[in-house]
Amino acid sequence: MGMFRSIDISASGLTAERLRMDVISNNIANVNTTRTADGGPFRRKLAIFEARHAYGQRAYLDRIYPQEPGRGVRVNAILDDMTPFKLEYDPNHPDADPDGYVRRPNIDIVHEMVDMITATRAYEANVTCISSSKDMHNAALNISSK
């Protein structure tokens, strides 16, 4: 196991959580968007995580000599949430249908804020892991210099 593997794993978590926060921020920014380039209302986006795997020669060696269980995380895809749109009666709205209903994005602000807090806490946990790992490496280096 490499000396800096724990930092690399936590750094992958930082990258994934930052992208997740960007997706959540985009959802919040488009909470009132009733018309997109596709013609319909904005559809909520979701960041899908997966375990990060080794690539290339390292992947071949890991199959022969399995060592560590984890390599970190990465965002596999950003998918549309297919829950139905909200309907609001507003016959004066330019995007209203003939019955006077406007299709609103399928975004719930409370849900988005809970997701944002969760992503922020996960980001903070990864920063703490990197800091702790750095402190352990420094302590190990100081042992050999005494």
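**Ground rules.** Numbering runs from 1 along each chain as its sequence is written, and side-chain values use heavy atoms, with hydrogens and water left out. Since the model is predicted, local features need pLDDT of at least 70 and side-chain atom pairs count only at pLDDT 80 or more, while totals for chains, interfaces and linings use all residues.

**Arg-44.** I looked up its place: the loop between α1 (5–29) and β1 (45–51). Helices (H or I, at least four residues) and strands (E, at least two) are DSSP runs, numbered from the N terminus. Arg-44 is buried, at 6% relative accessible area; buried means under 20%, exposed over 50%, partly exposed in between (1.4 Å probe, protein chains only). I then found a polar contact of 3.0 Å between the side chains of Arg-44 and Asp-115. For that term, N or O atoms must lie within 3.5 Å; within protein, one must be able to donate a hydrogen and the other to accept it, and residues adjacent in sequence count only if both atoms are side-chain atoms.

**The tyrosines.** I searched the whole structure for aromatic pairs and got one. Ring centres of Tyr-89 and Tyr-101 are 5.4 Å apart with planes at 70 degrees, so I wrote down edge-to-face. The cut-offs for Phe, Tyr and Trp (its six-membered ring) are centres within 6.5 Å, with planes under 30 degrees stacked, over 60 edge-to-face and the rest tilted. Tyr-89 sits in strand β3 and Tyr-101 in strand β4 (residues 101–104), so the pair ties together parts twelve residues apart in sequence. I noted Tyr-89 as exposed at 53% and Tyr-101 as partly exposed at 36%.
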